[in-house]
Structures are given as C-alpha cells and as structure tokens.
Amino acid sequence: MNDDLKENNSQSALAGNTPDKMNQTDKTRQLDQVRSDATNEALTTNQGVKISDNQNSLKAGVRGSTLLEDFILREKITHFDHERIPERIVHARGVGAHGYFQAYEGNERFTKAGFLTDPSIQTPIFVRFSTVQGPRGSADTVRDIRGFAIKFYTQEGNFDLVGNNAPVFFVQDGIKFPDFVHAVKPEPHREIPTGATAHDTFWDFVSLVPESAHAVMWAMSDRAIPRNLRSIQGFGVHTFRLIDAHEKARFVKFHWTPKQGLSALVWDEAQKLAGKDPDFHRRDLYEAIEQGLYPEWELGVQIVEEEDEMSFDFDLLDPTKIIPEELVPITPIGKFVLNRNVDNFFAETEQIAFCPGHIVPGLDFTNDPLLQARLFSYTDTQLSRLGGPNFHQIPINKPVCPFHNNQRDGIHQHQIHKGQASYQPNSIDNNWPIEIPPAAQNGGFESYQERIDGHKIRQRSESFSDHFSQARLYYQSLAPHEQKHVIDAYTFELSKVQRPHIREREVQEVLANIDTDLAKQVGQNLGIEVPDLKENFRHASIEKSEKLSMQAFIPEDIKGRKIAVLIHDKVHAESLRSIINWSIQENAIVHLLTPMLAPVKGSRDEVIPSDGMQKAEPSIIYDAVVIADGDNLDAVLADGVSKHYLLEAYKHLKPIVLLGDKAELLDQLGLKPDEGTLLQDDFLQVADTLKHLLRHHRVWDREAVAEAIPA
C-alpha cells in the first residue's frame, strides 16, 4: 500500500467514514428490504378468508377449552405438521433408551391410575431426549432446550408424558406454535444457522412477543447446554389433572429430578464438542447404560386443589409460568431407571410416536391453550411421519395391554381382523368389543366433568398478561456465576443478530423490563444505551426460589463421572493402581490416556495399556484431569498435547490433580493454584477432595482467572 493511500484511509477513519462502515450501511439497507409478495396484503387462510385474530385460538370463554371448530387453528397446525417428511419438524435430533417406572406408596390419595398406585409393578418405559431446533444431523451440544419425553407402557394403556428440561414454553397459545418454530428454525432464504437461536428471525420474534421472555431466559441459562443427558431435569410444562377413585380432580405439574445431580457445559466446551464430538450426549448415555451405570430420576408432582386454582398471582393454565416450590412443594410419587439401550435406532428411537393425548384413567387435561393445540398436533404429525393411522402397531409404540376396536384397514395395517362387524353396536358379533363403564372395576376412561360456560371468543385471559415477573424471579434466583453466564449468552446471541433495531428492542423493551442490571450489562457489551428506568416492575410473590439454581442439585456421589489420567513412559504403576481402585469403589470412570495409542512402560518396565490417545480423547469429554506420579517430568514438559490438556481443563474450571513432581507444571504453564488444583505425592491424600469437587462439578471461583487463558 502506498503512503498516499495510507494517509487517505487514516483521514477517512478519523472522519468516521471507513470503507467498512460504508459496507455496513449498504448491508443494513439490504437487510431492511421487506418481502414484496405480502406488502399491503391482508393475512388470510389458505382459502382466502381474511383473519382478524392470529394470536388466539377459539375458546369457550377466555379460560375455556379450545374448540374443534377453529378452522384457522386446524389449518395452520395441519400445514405445519406436514411441512417436512420424514424427520420430525422439531426434536428431530434425539436419543432414546428403555427402562422402568416404579411408584411409591400412597399415591391413591391423588389418582386412580394403576401404574401410579401399585408399587409392586415395574412399568416398562421408553425415554427420548432431544434438541428442539436442529435436524437429525446437527450436534448434541448446541444451546437449546432439551425434549424429555416418556412413554409408559401401563396395563391400562400407553401414557405419554411429553416434556422438556425447562418448565415453561415460549408461547401461551398453540396457534402461535408454528410462528415460534418458523422463527427459531434456520432462516428459510439460506437454511442457516443449524441448531442455533443466534440469528435475526428468532430474536425478531421473541422481542415482539414478550410472553416468551421467561422461556428465553431459561434458554440463555446453563440449562440449555447440559453436560450430559443423565443430569438434566424434566418438566411436564403444562398443568394437568389427576383424578382419584372418588372422581375428585386436582391440578398437577410433573417434575423429574436426576439422582445424578444437575451439571452443564461451559460455552467454550459446548462449541468445541459440537465440532470434535457432535454425538457427545448420545454417546455418553449409551456408554453409561452399557457399563451398568444406570441413570435414575425421581418423578414428583406439585398438587393444587381445585378450590385453590385462582389463589396465585399467575394463571395455572399459562404454560409460560411455574409454580415456585416455596408455594407448592414437590411430592415424590415414584422413580424411573434407564437400564437398556435400543437394539436398532430407527426401529425404536426414530419410529417412537409420542402424543400428549395418550393418557389413561386417573389423568386428564386442562384448558391450557397450548396443551389443547398439542392434543391435535402430535397425532396429526405422526400420520405424516409414520405413513398413516396404524403407527400404534409399530412395536415400539404398541401397548403391552390388549387393544380392540372396530378401526380397520389403512396404510401399514399389521393385524388380520376377523368377523363381519366393524361397527358398534352390533348383534353379529354379540356387540363385542363393548364399552366399559367408568365405575366398573378397571373401568373405561371418562373425561373430567368440568363445567364450561362462556362465549365463543378469540381472546387471551387477562390472567395471562404478566410476562416479566417470573423471568425476573428466575434470573434473581440464579447463583452469581449462573447470572454471568446468562449475560454472556444474551451478549453472544444478540451479537449474531444483524439488524440493530432487533438487538435494541430485545435489550431496551424486554431485558429492561426483567432486570435493570441485566439489561445494562448486555447493553454495554453490545453498545446499546439502556435508559435509567424506575424499577416499578410487577414482582412475583416471592423474590427468589432456591430450586431454580442448578446449585441446588448436588448429587450424593460421583457415579459415572469421567476422569482422564495422562500417562507417559516411566509412570509409577502403583500410583495408577490407587487411582483405578478408588474409581471402582466410587463408580467413577477412569481412562488412562497416552501420547499415542501404543502402551507405555512403567518405571519398572511394566507394560501399561492405553485406554485412548490424548489427541483423540480431549479434556472437554472429561470431568477432571490427573497426571500420575513418575520419573518423567521432562517427557511431560516436552509434550505440547499434555500441556494443552491441562490448560484447557483449567480454563474449563475442572479439578486438576498433579502428583509428585508434576506440581511443577503449574508454574511452567503460568497457572494460579486454587482449591481445584490438588498437589500431592499420594493420590489417596487428595481423593476425598477430588470427590467433593466432582460432586460440585466446577471450580466456579476460578472463572475470572480462567477467562484470561486463550481458547
């Protein structure tokens, strides 16, 4: 570059008219171009009927059930359900496993459902975990809400509890579900980004739909980047009903809590794993079950008596709200264990069909308008995905109890029906099969007799109007490091949004109504001014809820935790024996990782086989790193891979154990000692401390120091 050109560019920069800036202006102008095919046009159905309300489904009263006659809802949902074949439109990326559910004593006081009231029965289950946004080929560790669906094969029929690892959803009414999914999916003009919410259409939608604020906060928290699927909570999201033997109904919210505790990735780990091992979560679950480290959850319920329905400062039917446990504690009602992997991914995990409408006597729905739409949508989707109305005959979907009706024929019919009568009532086959009255022993299903009295109306109940107080409650209930991660997540996501007005709207109109400090920190990171607002927020009935922080779920043991032990020639074999024996006792997993896959020789010429190569088994897939004692400090210091291993584990806040003279590595690498760096000659001297650190998952006090280490 000649001097004259340099001078011109310098002057241009001082004047604020850099070439980059001019390009950005052109780019913004291009982004602001609106679609021409819909300009000045009314919103209509596919039949050309103009739509006056696209925000609310048709209900019997503002809190009543959704009506089947809502042709706008049915057309919109039906079209959405059939947009893609054959993979699921959402939750396409998933992994499943078999197990069993066993009830605790005493549940008959809530429900007459047999599988919940007989502790002697082990009910078979199938559980599928999934991400929401990405297709089948996307990575496991993207930032996303996780699906957590359970099919109970009960003696009274199949019950599907189709939930997420967040207790709230992004929209209140099912008529908005297609809009939300269209916004969160890859942008249609270029089909990117895959498996990510960091793009314009998602943030445009949620910044315009404030009811999404609470669920977005969960998606920006550590809950959306779980360490593994064995350590996530599950929630039914909606309010359901339990019905007891006296036909008394109670409102219920379902929770499942892992005995393994809750743990999450740090963002740098999540991104690296997406590239190095996109199957990280499904591999971890498969290997844990194969090794006999069966994951276990406790199923609990929050019970609300019907007379207390309106006693909260939120609406029980609003799927964007939780019931804080301080108001209604969780009552444990059973446990479930995953103890068998699938034999064939396609036949089982891919073909399983979950439908919220699959329930059994003792359970029933509420008028939650999102749930009401799901009751139609899921079955409709399966008709498209699985080729017709007989998807219930696929082995993975088939009930374990007998099923008989007069439904015949159709695509993929596997049964050979006999007899002439395919209708009811009939006299030809003595009227078989027959109806079973609800009052009979093992009686038939009867919907709860709820009184409904209201005008047909498209309107949101006023009790659904508070969009920010529970988002504020969630944020203020988090530990300081969790709050920092939320700020970092909003900053990262919004930095990927190309239209400035969308970024500004989210910060100034959404975050500013949740928490002033949150809005100002995100705004400062993005160069967005946040005006000083008087904090006249509408507050939830409690200021903090302890169980909203992941720190409230510390496991009792370290079962299934993975520890990398880096070894080189001349390692002391007795040091390795101590580590391995301890890990067996604690049900932890230890891998001896070598520079190459070839065995190494111990200090007494013992041949020590390798469990893996350090380059191929990076620190991001382990929970702690140990460098064993040995006469080999120079070899370790000369090994760039081992040194990077320690640096990366330190950066990701993991416990590090350096035995014998390996303590010198801290100084060599310029790492600051802390409670998570354990330096001793004998492993057993630090074993209890390591267990404590592994139970708590990360050394959070190290985070500020670790951020200075290059990624």
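Predicted model: local features only at pLDDT ≥ 70, side-chain atom pairs only at ≥ 80, totals over all residues.
**View 1. D605 sits in the loop between β15 (600–601) and β16 (607–608).** Local features need pLDDT of at least 70, side-chain atom pairs count only at pLDDT 80 or more, totals for chains, interfaces and linings use all residues, and side-chain values use heavy atoms, leaving out hydrogens and water. Most residues other than glycine have a negative phi. D605, though not a glycine, has a positive phi near 65°. With a relative accessible area of 59%, D605 is exposed (over 50%; buried is under 20%, and partly exposed falls in between, with a 1.4 Å probe and protein chains only).

**View 2. H91 has a positive phi too, near 60°, and is not a glycine either.** Look for H91 in the loop between α3 (71–81) and β2 (94–103). H91 is buried, at 16% relative accessible area.

**View 3. I192 and P193 are joined by a cis peptide bond.** Omega there is about 0°. Most peptide bonds are trans. P193 belongs to the loop between α5 (177–184) and α6 (200–208).

**View 4. D532 is in the loop between α15 (516–526) and β13 (562–566).** D532 counts as exposed, with 66% relative accessibility. From D532 to Q498 the C-alpha to C-alpha distance is 26 Å, and the two are 34 residues apart in sequence.

Note on methods
Residues numbered from 1 in each chain as written. Helix = DSSP H or I, 4+ residues; strand = E, 2+ residues; numbered from the N terminus.
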